[in-house]
Amino acid sequence: ASLPSIVMGIDLFFWDAARGNCGAPFQQTVKDFIARYRSVKVPLILGLLPVGASFPLGHARVGMSSCARSINAFLRRQCRLESNCLLFDPLDCWAGVKEGEDFRRYFIDEIHTSVAGNRLCAREFVKNRTFTSLRCAE
């Protein structure tokens, strides 16, 4: 019989980047947050910011900020698979979109994904299989 497990998926950093909040207080808060999850041995999945997105406009704007690049670099240093933390790049979601397809059906506005967008991202995330490297507490 398998034991119940929890995996936390966190996508918190978009508005920090949009507001230019990526300095020392932000970094310490994120370090403390990750340390709390490590201490209870809960696998953690953190979402990177969409740096390099050309759609929708809200994502592209935030992804062009120096704060977004700084946050992603910081998250890459803090969250490593060997420490039971997985980074998910939202740009990977869109690998399943067919060339020439209208992206607007995957978003309800310039920032938030629609049900179709959520399904597409979930399919791409599962297809990638990297999450199977996370270890659940016994």
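Select cysteine 22 and cysteine 67 to begin: a disulfide (a pair of cysteine sulfur atoms within 2.5 Å) joins these two residues, with an S to S distance of 2.2 Å. The torsion about this S-S bond is -135 degrees, and the link of cysteine 22 and cysteine 67 is left-handed. Cysteine 22 lies in the loop between helix 1 (14-18) and helix 2 (24-39), whereas cysteine 67 belongs to helix 4 (residues 66-78), so the pair ties together parts that are 45 residues apart in sequence. Helices (H or I, at least four residues) and strands (E, at least two) are DSSP runs, numbered from the N terminus. Both cysteine 22 and cysteine 67 are buried; buried means under 20% relative accessible area, exposed over 50%, and partly exposed in between (1.4 Å probe, protein chains only).

The model on display is predicted: local features need pLDDT of at least 70, side-chain atom pairs count only at pLDDT 80 or more, and totals for chains, interfaces and linings use all residues. Residues are numbered from 1 along each chain as its sequence is written, and side-chain values use heavy atoms, with hydrogens and water left out.

**The other disulfides**

How many disulfides does the structure hold? There are 3. Select next cysteine 79 and cysteine 85, which are joined with an S to S distance of 1.9 Å. This link is left-handed, with -105 degrees about the S-S bond. Cysteine 79 counts as buried at 4% relative accessibility, and cysteine 85 counts as buried at 2%.

Proceed to cysteine 93 and cysteine 121, where a disulfide has an S to S distance of 2.2 Å. Is this disulfide left-handed or right-handed? The torsion about the S-S bond of cysteine 93 and cysteine 121 is about 125 degrees, so the disulfide is right-handed. The pair links distant parts of the chain, 28 residues apart: cysteine 93 is in the loop between strand 3 (85-88) and helix 5 (115-128), and cysteine 121 is in helix 5. Cysteine 93 is buried, at a relative accessible area of 3%; cysteine 121 is buried as well, at 14%. When the bonded cysteines of the protein are numbered in sequence order, the pairing reads 1-2, 3-4, 5-6.

**Leucine 87 in strand 3**

Select leucine 87, a residue of strand 3. Leucine 87 is partly exposed, with a relative accessible area of 23%. Which residues is leucine 87 in contact with, leaving aside its neighbours within four places in sequence? They are Leu46, Leu48, Leu75, Arg76 and Cys79, where contact means heavy atoms within 4.5 Å. For a further view, display the C-alpha atoms of leucine 87 and phenylalanine 131: these residues are 44 apart along the chain, and the two atoms are separated by 9.5 Å.

**Aspartate 16 in helix 1**

Move to aspartate 16, which lies in helix 1. Aspartate 16 is buried yet has no salt bridge; a salt bridge is a side-chain nitrogen of Lys or Arg within 4 Å of a carboxyl oxygen of Asp or Glu. The nearest side chain of opposite charge is arginine 19, 6.1 Å away; Lys and Arg count as positive and Asp and Glu as negative, while His and the chain ends are not counted. Not counting residues up to four places away in sequence, aspartate 16 touches Asn21, Phe26, Cys67 and Ile71.

**The sides of helix 2**

Display helix 2 and colour its buried residues: Phe26, Val30, Phe33, Ile34 and Tyr37. They cover an arc of only 95 degrees around the axis, which puts them on the same side of helix 2; the arc is that of the directions from the helix axis to the C-beta atoms. Turn to the other side of helix 2, where Ala24, Pro25, Arg36 and Ser39 are exposed. After helix 2 comes lysine 41, whose phi is positive, near 60 degrees.

**The salt bridges**

A search of the whole structure finds 2 salt bridges. Select arginine 104 and aspartate 102, which form a salt bridge with their closest N and O atoms 3.0 Å apart. Arginine 104 counts as exposed at 66% relative accessibility, whereas aspartate 102 is partly exposed at 38%.

Finally, select glutamate 124 and lysine 127, whose side chains meet in a salt bridge (3.3 Å, N to O). Both residues lie in helix 5, 3 residues apart, about one turn of the helix. Glutamate 124 counts as buried at 12% relative accessibility, while lysine 127 is exposed, with a relative accessible area of 58%.
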